[in-house]
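Biologist: I would like to go through this protein with you, step by step. Could we begin with the terms and then turn to the structure itself?

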Amino acid sequence: MDNAKIIKRLEKPKGKVDVVLDTDTYNEIDDQFALAYLIQSEEKLNLQAVYAAPFFNHHSESPEDGMQRSYQELFNCYKLMNETRYHEVTFKGSTQFLKDEQTPEESAAVRDLINRSKNYSEENPLYVIGIAAATNLASAILLDPTIIDRIVILWLGGLSYDWHDNKSFNSGQDVAAARVLLDSGVPLVQFPGKNVISAFTTTGPELEYWLKGKNKFCDYMIEKTAEEARICYGGSVWSRAIWDVVPIAWLLDGEFMLDTLIKSPIMQYNDYYSFDPRRHFIKYVYRIERDNLMNDLFIKLSKIPS
């Protein structure tokens, strides 16, 4: 792996770039915020395709059911946003997590990512934003290892390196896929959850103050966020991290976060990391400028057509 090439490709791009989004949209509420923020950031991002990813929690009966519900929720969000441009480029992803680190899960999303990437190069990569288990992304790498020369991955997965464990939802759902991603040498920006991205939180009163009555999508998300807080926390006082917005913002112009180069960690099956200084570089986001990013998010969401 050529660290010099990886470091160069991990520089923030100047000008507009093409992106695809891999999302478990029905999992919580942050994916919907991220999708809308991405669509509303056309000054910098050209959304080319959207992939539904598998997940399994209290909102699904199986990974396949989670993927199917996520696919449906994408179209629900499009409808609420009066958005029709992405219907033909929204694809279903894997129906189960990886069995091991050698066997990919084929799907329409994986095939599209591989084929779409062939229009790009090291000098002009496709930016792949992953805000779910890495099943679809790892499957594409396993099926076509040359894809790492044509893409840059922004992945929200794993926890902060100084957190006491690594019990991350996105990486823990499919550890094999996370290992493929971090071992492959693909240029990658990691957005760790607890202790970093968890700082990007909002509350019910804040959402109502900034977004209530602005449009159908905003009203839907205020209600959905409050309901998810009720399910997960149950108390009358709550805050809610909207994690998945952050990788979108890394590609935008603004003082939204800080990152550093670090050697790629090894994702272990026991909910911990291992580290080896001989490994290749990735970028690691270690601080979120919460207020700057929240302001940009609220401004853009409020401009969605009613």
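Modeller: Helices, of at least four residues, and strands, of at least two, are DSSP runs numbered from the N terminus. Please keep in mind that this is a predicted model. With those terms, Thr 225 is found in helix H9.

Biologist: How many helices and strands does the protein have?

Modeller: The secondary structure comes to 11 helices and 12 strands.

Biologist: What are the overall dimensions of the C-alpha trace?

Modeller: Along its principal axes the trace spans about 50 × 40 × 40 Å. A compact globule of 306 residues would have a radius of gyration near 19 Å, and the protein has 18 Å, which agrees.

Biologist: What share of the residues counts as buried?

Modeller: Of the 306 residues, 59% count as buried. The accessible surface comes to about 12,700 Å², and 48% of that belongs to carbon and sulfur atoms.

Biologist: What about contacts between residues at least 6 apart in sequence?

Modeller: Among those contacts, 80% join residues at least 24 apart.

Biologist: Back to Thr 225, please. Is this residue buried or exposed?

Modeller: Thr 225 counts as buried because its relative accessibility is 0%, and the cut-off for buried is under 20%.

Biologist: Which backbone oxygen lies 2.6 Å from a polar atom of its side chain?

Modeller: That oxygen belongs to Met 221. Leaving aside neighbours within four places in sequence, Thr 225 is in contact with Ile 29, Phe 33, Leu 207, Trp 238 and Arg 240.

Biologist: And helix H9 as a whole? What span should its 17 residues have?

Modeller: At 1.5 Å a residue, H9 should span 24 Å, and its end C-alpha atoms are 24 Å apart, which agrees. At the start of H9, a side-chain oxygen of Asn 215 reaches to within 3.2 Å of the backbone nitrogen of Phe 217. After the helix comes Gly 234, with a positive phi near 85 degrees.

Biologist: Which residues of H9 are buried?

Modeller: They are Phe 217, Cys 218, Met 221, Ile 222, Lys 224, Thr 225, Glu 228 and Ala 229. An α-helix has 3.6 residues a turn, so residues three or four places apart point the same way.

Biologist: What do the buried residues of H9 pack against?

Modeller: They pack against H2, H3, helix H8 (204-211), strand E8 (240-241) and helix H11 (290-302).

Biologist: What comes just after H3?

Modeller: Asn 82 does, and it takes a positive phi of about 55 degrees although it is not a glycine. Its place is in the loop between H3 and E3. With a relative accessible area of 44%, Asn 82 is partly exposed.

Biologist: Now Asp 271, please. Where is its place?

Modeller: Asp 271 is in the loop between strand E10 (266-267) and strand E11 (273-274). Its phi is positive, about 70 degrees, although Asp 271 is not a glycine.

Biologist: Another loop residue, then. Is Asp 24 buried or exposed?

Modeller: Asp 24 counts as buried, at 1% relative accessibility. This residue is found in the loop between E1 and H2. Asp 24 and Pro 63 are 39 residues apart in sequence, and their C-alpha atoms are 10.0 Å apart. Not counting residues up to four places away in sequence, Asp 24 touches several residues, among them Asp 31, Phe 55, Ser 70 and Asn 170.

Definitions and conventions
Residues numbered from 1 in each chain as written. Heavy atoms only, no water. Rg over C-alpha atoms; globule rule 2.2 N^0.38 Å. Buried < 20%, exposed > 50% of the residue type's maximum accessible area, 1.4 Å probe, protein only. Contact = heavy atoms within 4.5 Å. Areas by Shrake-Rupley, 256 points an atom, 1.4 Å probe, with all protein chains shown as cover. Polar contact = N/O pair within 3.5 Å; in protein donor to acceptor, adjacent residues only side chain to side chain. Expected span 1.5 Å × (residues − 1).
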